Amino acid sequence: MFEHNNNGRQNQLNTKTSNHQVEAEEEDEEDNDVEGLEAWERAYADERSWESLQEDESGLLRPIDTKTIQHAQYRRRLRTHSSSARIQKGLIRFLYIVIDLSRAAGEMDFRPSRMVVVAKQVEAFIREFFDQNPLSQIGLITIKDGVAQCLTDLGGSPESHINALMGKLGCSGDASLQNALDLVHEYLSPIPSYGHREALILYSALSTCDPGDIMESIQRCKKAKIRCSIVGLSAEMFICKHICQETGGSYSVALDEAHLKELVLEHAPPPPAIAEFAISNLIKMGFPQRAGEGVCSICSCHKEAKFGGGYTCPRCKARVCELPTECRICGLTLVSSPHLARSYHHLFPITPFDDVPPSLPRNSHLLQPKSCFGCQQSLLGPANLPGPSVACPKCKQYFCLDCDIYIHESLHNCPGCESFKQIQIG
């Protein structure tokens with residue numbers, strides 16, 4: 001009897017051991033499967049988005065609410081920018097975007113390729129740049145086959161830059177940082193002292209094939225006060241870090257596509273002004289009138305006759321196609337009054353709103369309103385409980401998360417503060 005029980009226990013132990021071995025083997029197989037995936041595939045496998053699905057009372061799937069997560073990221077970015085609110089910034093920027101189109105841009109660690117992902121982020125950056133810097137201008141430079149070429153000259157039309165870039169996508173040869181810096185220096189050195197000279201390099205390669213001493217090119221850019229920033233798509237490189245340190249720019253390496261977008265868009269707001277450029281000076285500007293639709297005139301930009309549209313320089317009466325720009329005939333800076341007004345918010349940014357806790361203390365004499373002061377939508381969540389909201393520290397009005405983003409990124413005025421000003425004036 002004793003031997004039979006021992007045999008039974010031994011069988012149970014053997015069964016448990018074999019079960020543990022099978023489970024361990026399955027876990028090892030899953031780990032091997034995950035390790036065999038590419039980086040972009042692991043990103044989707046790690047998300048496990050199906051686990052965040054929820055059902056409502058009727059058994060239907062609820063939409064995934066990512067508004068709170070996106071708003072938290074926006075708040076962190078807003079606090080970072082507001083910490084330098086009292087630092088003088090450059091409002092008139094002349095920026096060249098240098099895009100690496102060497103054979104390294106064809107790598108597929110970013111799907112479908114580095115080149116396509118970079119082109120997509122450059123398009124978003126150009127639109128965001130002109131939204132935040134209406135008086136500034138952008139130009140595009142590509143590096144491929146060891147040569148740097150100017151794709152577009154400095155201009156204020158986002159569509160012309162985007163169309164030119166999308167029509168020239170193709171990667172081949174090696175990249176040359178020295179040729180890119182020399183070309184940037186050639187185009188930006190004649191810029192007047194009130195303009196802030198910048199270069200943003202999106203670099204995919206792990207080496208640079210230069211015809212000479214790149215250190216001399218770096219010193220020329222430093223002497224010309226050209227701020228060079230680099231966003232890398234591969235490993236960190238010493239020469240890239242050295243360029244940014246010498247010229248006062250920033251260097252960062254993207255981990256994935258979302259991180260690349262975040263790093264690129266960080267360069268859209270105006271950077272702090274260099275000490276020598278922080279001196280106040282007067283700039284002559286012209287406010288041209290829009291030409292009639294049926295008028296035929298020679299465009300000074302494209303050197304050809306065009307019908308209708310365009311703007312007329314108030315000094316020399318030359319025709320230009322877009323604003324802001326510099327008149328090719330008399331050299332006068334041409335802008336529109338809305339551009340000048342939109343640049344004003346960088347001088348006096350709105351104070352970040354305070355997060356409101358979901359439930360106020362019982363002994364508090366303040367009662368959270370049920371609707372947003374901006375859009376008048378309800379601030380109540382499920383079961384009529386207070387949802388996430390923010391409050392202006394000056395006028396004490398409550399706003400929803402969407403209005404918070406809209407006020408700080410587009411409107412640049414607090415509706416609550418403006419309404420109190422009108423009441424006081426009245």
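## A buried tyrosine and its aromatic partner

Tyr 96 is buried, at a relative accessible area of 2%; buried stands for under 20% relative accessible area, exposed for over 50% and partly exposed for values in between, with a 1.4 Å probe and protein chains only. The structure is a predicted model, in which local features need pLDDT of at least 70 and side-chain atom pairs count only at pLDDT 80 or more, while totals for chains, interfaces and linings use all residues. Residues are numbered from 1 along each chain as its sequence is written, and side-chain values use heavy atoms, with hydrogens and water left out.

The ring of Tyr 96 is paired with that of Tyr 187: the centres are 5.6 Å apart and the planes stand at 40 degrees, so the pair is tilted. Rings of Phe, Tyr and Trp (its six-membered ring) pair if their centres lie within 6.5 Å; planes under 30 degrees apart count as stacked, over 60 as edge-to-face and the rest as tilted. The two tyrosines link distant parts of the chain, with Tyr 96 in strand β1 and Tyr 187 in helix α6, 91 residues apart. Helices (H or I, at least four residues) and strands (E, at least two) are DSSP runs, numbered from the N terminus. Tyr 187 is partly exposed, with a relative accessible area of 30%.

## Phenylalanines of helix α4

By the ring-centre rule, the structure has five aromatic pairs. Another tilted pair is that of Phe 125 and Phe 129, whose ring centres are 5.8 Å apart and whose planes are at 40 degrees. Both residues lie in helix α4, four residues apart, which is about one turn of the helix.

## The nonpolar cores

In soluble globular proteins, nonpolar side chains tend to be buried together. A nonpolar core is a set of buried Ala, Val, Leu, Ile, Met, Phe, Trp, Tyr and Cys residues joined through side-chain atoms within 4.5 Å. The largest such core here has 36 residues, of which Tyr 203 and Ile 243 touch the most other members. Two or more residues come from each of the strands β1 (93–100), β2 (137–144), β3 (147–155), β4 (196–203) and β5 (226–232), and from each of the helices α6 (177–188), α7 (214–223) and α8 (238–247). Helix α6 gives the most to this core, with six residues.

Contact means heavy atoms within 4.5 Å. Leaving aside residues up to four places away in sequence, Ile 243 touches Leu 177, Leu 181, Ile 214, Ile 218, Cys 228 and Ile 230.

Asp 100 is placed in strand β1. This residue is buried yet has no salt bridge, and the nearest side chain of opposite charge, that of Arg 114, is 6.8 Å away. For charge, Lys and Arg count as positive and Asp and Glu as negative, with His and the chain ends not counted. A polar atom of the Asp 100 side chain lies 2.9 Å from the backbone nitrogen of Ala 205. With residues up to four places away in sequence not counted, Asp 100 touches Ala 105, Ile 143, Ala 175, Leu 202, Tyr 203, Ser 204 and Ala 205.

## Salt bridges between helices

Side chains of opposite charge can pair when their charged atoms come close. A salt bridge is a side-chain nitrogen of Lys or Arg within 4 Å of a carboxyl oxygen of Asp or Glu, and the structure holds nine of them. One of these joins Glu 257 and Lys 120, with the closest N and O atoms 3.5 Å apart. Glu 257 belongs to helix α9 (residues 257–265) and Lys 120 to helix α4 (residues 114–132), 137 residues apart. Glu 257 is partly exposed at 29% relative accessible area, whereas Lys 120 is exposed at 51%.

Arg 127 forms a salt bridge with Glu 159, the closest N and O atoms being 2.8 Å apart. Arg 127 lies in helix α4 and Glu 159 in helix α5 (residues 158–166), so the pair ties together parts that are 32 residues apart in sequence. Arg 127 is partly exposed, at 37% relative accessibility. Arg 220 in helix α7 and Asp 182 in helix α6 are 38 residues apart, and their salt bridge has its closest N and O atoms at 3.0 Å. Salt bridges that share partners join Glu 123, Arg 127 and Glu 159 into one network.

Terms used: Polar contact = N/O pair within 3.5 Å; in protein donor to acceptor, adjacent residues only side chain to side chain.
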